[in-house]
Amino acid sequence: MHSSQQFDYLIFIGRFEPFHQGHHYVITQALAHARQVIVLMGSANSPRTIKNPFHPNERQAMILNSFDKKNRERIHCLGINDATYNDNKWLIEVQNAIVSITANTPNERIGIIGHDKDESSYYLALFPQYKTFMVKNFEYISATPIREAYFGDDSAKKQASFSQLTKACIEFLTAFEHTKAYHRLKQEYQHIQAYQAAWQTAPYPPNFITSDALIVQSGHILLIERGGEYGQGLYALPGGFVDTNEDFYQACLREVHEETNLDISLLKNSLITATLFDAPKRSQRARTVTMVYYFELPKQQTLPDVQAGDDANRAFWLPLSELNAVQMFEDHYGIICQLLKI
């Protein structure tokens, strides 16, 4: 048994997409054993996707509205940005967020609360300066099947998933169904389901290979705005699937030409490096491995002409200072930060 109020602060880290009764149980336990609770909401810089459909302010409202006024005053909700391919950057942001609330509180009065759920709970071992406070996994509820039911067409599954939510969360999700954002996400979910169904009879789970280009000139990066049903409207590196008769580099040049109409001869002698990105869950459609070619063009007063083609809505040069993860497709923001060291 844990003695009452043995902590000044207990910290709960998650994405809460959406907030469910399992999350509610953890925070309730934290309130019983700490004066205050810090809820760190991950993926705060993610665009709306099936995996991260709700903005930080929406998740904060679901969380706080699930408690009475007295307990709400003891809960601090802070958004934490993803830092794909850079765990240390993520850790620094988390550490700074904690200190911004706890100030000079001794570390022994601060704890990380959670349970051994799955690979997403790996963070519990990343904070040796704080105590770990373990609680049971309440009914083994997972947000993933809740999201699938919410965006799917099976009303029985949706009703069953709603039984795992708090009243405040149900009210929010019911209202959210009447927004344009919900209908766009539902369309994207249907696309993903159809995409995966096409490969259900394959003897092994499919793995796809793509090639992308990171092209920089004079402090600007060449991007496209995606068309189609998957990632529509998000900014991405030009690139795509590798054809059976070409290697990664040939595919990269072809995709750049097809999607941006950039004069490919400009890339000659400008290749800095080629890096493979193979995070297993980097794409929601299927396991996708990409080779990214980083080109640094000679500095010029005028940027090369580009024009959208193929499945791109737009091709354009964006100042590096205007890069925003909330606008970026899949892990492309993380790839850019990794290769440009920004």
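The buried residues of α4 pack against β1 (7–14), β2 (34–41), β3 (75–79) and β4 (110–114). Buried means under 20% relative accessible area, exposed over 50%, and partly exposed in between (1.4 Å probe, protein chains only). This is a predicted model, in which local features need pLDDT of at least 70, side-chain atom pairs count only at pLDDT 80 or more, and totals for chains, interfaces and linings use all residues. Residues are numbered from 1 along each chain as its sequence is written, and side-chain values use heavy atoms, with hydrogens and water left out.

Helix α4
- Helices are DSSP runs (H or I, at least four residues), as are strands (E, at least two), numbered from the N terminus.
- Trp90, Leu91, Val94, Ala97, Ile98 and Thr102 are the buried residues of α4.
- Seen down the axis, these residues fall within an arc of 125°, so they line one face of the helix; the arc is that of the directions from the helix axis to the C-beta atoms.
- Asn88, Asn96 and Ser100 are exposed on the other side of α4.
- Ala103 follows α4 and has a positive phi, near 55°.

Nonpolar core
- A nonpolar core is a set of buried Ala, Val, Leu, Ile, Met, Phe, Trp, Tyr and Cys residues joined through side-chain atoms within 4.5 Å.
- The largest has 66 residues, of which Ile27, Val39, Leu40, Trp90 and Phe127 touch the most other members.
- Apart from it lies another core of 17 residues, including Ile221 and Met328.

Leu340
- Leu340 is found in helix α10 (residues 332–340).
- Leu340 counts as buried because its relative accessibility is 14%.
- Not counting residues up to four places away in sequence, Leu340 touches Leu214, Val216, Tyr294 and Leu320; contact means heavy atoms within 4.5 Å.
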